[in-house]
Protein chains: 2
Amino acid sequence: MTEELPVRGRRTTLADVAARAGVSVPLVSIVMRDAPGASAATRERVRKAAEELGYRPDSRARMLRRSRTRLIGVVFGVQHPFHGDLVSGLYTAADAADYELALSAVTPGRDERRAVASLLQDRCEALILLGPALPTSELADLAARMPVIVVARPVRNRAVDVVRTDDAAGLHLAVDHLVDLGHTRIAHVDGGRAPGAAERRRGYREALDHHGLADQALIVPGGLTEDDGAAAARELIAARPTAVTVFNDRCATGVLDVLRREGVAVPGDMSVVGFDDSSLARLSHVALTTVAQDAGRITALAVARAVARLDGDAAADEREQVIPPHLVVRSTTAAPRADLAAAPARRVRTSSA
Amino acid sequence: MTEELPVRGRRTTLADVAARAGVSVPLVSIVMRDAPGASAATRERVRKAAEELGYRPDSRARMLRRSRTRLIGVVFGVQHPFHGDLVSGLYTAADAADYELALSAVTPGRDERRAVASLLQDRCEALILLGPALPTSELADLAARMPVIVVARPVRNRAVDVVRTDDAAGLHLAVDHLVDLGHTRIAHVDGGRAPGAAERRRGYREALDHHGLADQALIVPGGLTEDDGAAAARELIAARPTAVTVFNDRCATGVLDVLRREGVAVPGDMSVVGFDDSSLARLSHVALTTVAQDAGRITALAVARAVARLDGDAAADEREQVIPPHLVVRSTTAAPRADLAAAPARRVRTSSA
DNA sequence: GTGAAAGCGCTAACAA
DNA sequence: TTGTTAGCGCTTTCAC
């Protein structure tokens, strides 16, 4: 308790603790690491000395000396809310596996290459990249040096491991749900060239096809942001499907906002389904029906895979792990109104009374 | 270009490069650091060897050897969008000052204490804490060990440096703007115990007072999230001010959404001002009038202060740097409707036609 | 301009 | 159980 905080200046080292406890340096090391090879009495004394000096081990020196650093590098986008969920999960998983995480952010002024380079200098043993935009060839080059786990982006290359949500299955869930409610004219606002967008488009088409609705397919160009959704909403208002699946929750929020402002009731006149189950979707006043990615499972698998590669296990395993999403039904989906279900598009304006 | 990527396994070291170039290890070190003391010819040869081997310096060994690590630790909240802007700015500023950043995230499962502890082990020379919730006493303890710069939270303790937006001034700007437009009944949705909330409340009161509107003050309990705003909106609908200043943009978004859904036109029936100028506010379909924090300036000053403390400069300077915000006028504020400006509250429902 | 020797803080291997 | 010796990859004297 009486941690006598050392003045700013030279750090307290093992040698300081050793001197104070009257033992050798390696013995202190043994005690600090809880390694076998010291008597209970010594441990006691050493711990006390360390506490009194406010000693903190130097992870750099430790990693330098050990052959292993037990350090996993993580590249994430500082703007992307879902990456926040993933980073949280990664910490938990790494902790359980007794690994440390080194975070490196991608920002408007710092690209992925720089983010990766700094992690290489830090001597990370493996890299976990969240939704990277790097070309496959560079990912493969990296993977030649160290285990690389790509999260939330499909990569066709056997050198890297991939953990991602089954995006196509997610759209099947969404479309099936809407069809169950009685919808037949279901549009899709896509994500352009964003990671996962192609799979979601494909899932949408497949699902419509599966229900014999292929000729009703309508794909509206969208994107990742609320603004993209807002723009897409204007097209939706013209085309008037009774339901729409949207690339992600942010985009869906933009859709919702414009729809409502233009007098199109949701879900009365149009049902909307998002993707991600981000905090946006959960907001009580938004209450967006959405496809949830299992961030906890994805991150656990990503770390597990990194650890397996490092330990040399499972080297022949499947390279890609595709995690099924699940549907979270909230308040933006409902059965189509009787007069809309079959009839062609018409202009509708609901009084909210 | 022909970077012959070494197989996974032992890292390439200075010794490898030295052997390949046919020189000694220290000489390679000199070349890699661009330090004086090597002939042009040697530099050329060494660089070539390093490139061919794909050599990357080991930052841990380097920091261990140098007395200085030139490493600044940053604690940020992975959920908070504004922290993303700040982290971006910090990277830029650190880069310019030739410092590295070590990021440590606060997540639902990882508290500030842990985040700080890991940075201490990494031998950071200074700590920048974004909106920390740690008690002042702990901040002071930390500051006894190393320079601590707190961003976006006022701290009454001479041991730590603080860089923050002038929250009170921000509310003056907002209220002045609304008064200029002709509003007299201006409410405030507050941020509860969030960092900065008290100052914003105070600024709101002061500004009203300054305009002789103190008796019109109405503070509605709010919070940081959209949901908090949604809840507050219900109270606003009952009280019917003609304008409202809201703790932050997220909360303001919740307010906006509920107001509009309940048929209260913005800015027709009620003007709304946010705080932060987050990406939310900038969205074209939201177009929120808001008080902008100068993230670039805040982060530049935070890094500059950390560097100054480390270099021993300016040790006697002011401990707290308060940055003036500025108002960004968008589309959620306008003059009050003639019948609302003076008249007491009444129920209004606008047809959007 | 270049190389040899020492040491940052720590841990692994061995000896006592 | 404990101490001694060596060395991780790098930078810093200090000779040559």
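Domain 2 and domain 3 of chain A bury about 640 Å² between them, and carbon and sulfur atoms give 56% of that area. Buried area here is the accessible area (1.4 Å probe) that two parts lose on being put together, summed over both. On the domain 2 side, F82(A), P154(A) and T165(A) lose the most area to domain 3, together 45% of what that side buries. This is a predicted model: local features need pLDDT of at least 70, side-chain atom pairs count only at pLDDT 80 or more, and totals for chains, interfaces and linings use all residues. Residues are numbered from 1 along each chain as its sequence is written, chains are lettered from A and ligands numbered from 1 in the order in which they are written, and side-chain values use heavy atoms, with hydrogens and water left out.

The domain bounds, from an automatic or database domain assignment, are 14-57 for domain 1, 69-165 + 295-323 for domain 2 and 167-288 + 330-342 for domain 3 of chain A. The centres of domains 2 and 3, taken over C-alpha atoms, are 31 Å apart. Eight residues of domain 2 are in contact with seven of domain 3, contact meaning heavy atoms within 4.5 Å. One salt bridge is counted between these two domains; the term requires a side-chain nitrogen of Lys or Arg within 4 Å of a carboxyl oxygen of Asp or Glu. The side chains of R164(A) and D167(A) meet in a salt bridge, at 3.9 Å from N to O. On the domain 2 side, α5 (81-96) and β5 (161-165) of chain A each supply at least two residues that touch domain 3. Helices (H or I, at least four residues) and strands (E, at least two) are DSSP runs, numbered from the N terminus.

Between chain A and chain B about 5300 Å² is buried, 48% of it on carbon and sulfur atoms. R60(A), R123(A) and R145(A) supply 16% of the area that chain A buries there, more than any other three residues. The rule finds four salt bridges across this interface. R123(A) forms a salt bridge with D58(B), with the closest N and O atoms 3.3 Å apart.
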